[in-house]
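Hello,

Here is the structure I promised to pass on to you. Please open it beside this message, and then read on for what turned up.

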Amino acid sequence: MFRKFSVVFLIVAMLFVIGCAAHVHKVGKGAQSNDITMARQWYVLWGVVPINEVDTNAMAEGATDYEITTLVTPIDFVISAVLGFATIDCRTVTVQK
């Protein structure tokens with residue numbers, strides 16, 4: 001019985017992890033230091049319509065070499081799970097100079 005439960009739990013856990021993806025964009029030579037700026041992008045209708053606009057150029061503060069990462073963090077997952085009934089979703093945007 002425990003083995004069947006373990007297999008089912010593993011399959012369900014894998015289904016949750018499959019949807020997690022990070023998009024990394026390197027500008028210039030990429031990140032040159034550990035100076036990080038973070039913002040949260042909000043969407044309605046399950047990610048179709050953005051509510052706010054995250055300006056990565058402003059977050060880079062004029063740097064010519066930086067890296068932009070967008071991903072769903074565990075905090076974003078919890079927020080989306082709680083607000084999912086209202087079709088609200090979010091992602092984290094990070095700029096590392």
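Below is a short tour of the sheet, the core, the helices and a few single residues.

Before anything else, please keep in mind that this is a predicted model.

Let's begin with the sheet. It is open and has five strands, in the order S1-S4-S5-S2-S3, and the pairing is antiparallel. At the edges you will find strand S1 (22-27) and strand S3 (49-50), each of which pairs on one side only. Val49 in S3 is the bridge partner of Val44.

Helix H3 (residues 74-83) goes with this picture, as it lies across S2, S4 and S5. Relative to S5, helix H3 runs at about 160 degrees.

Which residues make up the largest nonpolar core? There are seven: Val54, Met59, Ala60, Tyr66, Ile68, Val93 and Val95. At least two residues of this core come from each of helix H2 (56-60), strand S4 (66-71) and strand S5 (89-96).

Setting aside neighbours within four places in sequence, Ile68 is in contact with His23, Val24, His25, Val27, Thr56, Val93, Thr94 and Val95.

Glu61, in the loop between H2 and S4, has a positive phi of about 55 degrees although it is not a glycine. Thr87, in the loop between H3 and S5, is likewise not a glycine and has a positive phi of about 60 degrees. Are these two residues buried or exposed? Glu61 counts as exposed because its relative accessibility is 60%, and the cut-off for exposed is over 50%. Thr87 is buried because its relative accessible area is 15%, where buried means under 20%.

Finally, have a look at helix H1 (residues 2-18), where Lys4 is found. With a relative accessibility of 65%, Lys4 counts as exposed. How far apart are Lys4 and Asn57 in space? From C-alpha to C-alpha they are 50 Å apart, with a separation of 53 residues in sequence.

Enjoy exploring, and write back with any questions.

Best wishes

Note on methods. Residues are numbered from 1 along each chain as its sequence is written. This is a predicted model: local features need pLDDT of at least 70, side-chain atom pairs count only at pLDDT 80 or more; totals for chains, interfaces and linings use all residues. Side-chain values use heavy atoms; hydrogens and water are left out. A nonpolar core is a set of buried Ala, Val, Leu, Ile, Met, Phe, Trp, Tyr and Cys residues joined through side-chain atoms within 4.5 Å. Buried means under 20% relative accessible area, exposed over 50%, partly exposed in between (1.4 Å probe, protein chains only). Helices (H or I, at least four residues) and strands (E, at least two) are DSSP runs, numbered from the N terminus. Contact means heavy atoms within 4.5 Å. Two strands pair if DSSP finds at least two bridges between them. Axes are lines fitted to C-alpha atoms, for helices over the stretch in contact, and angles run from 0 to 180 degrees between N-to-C directions.
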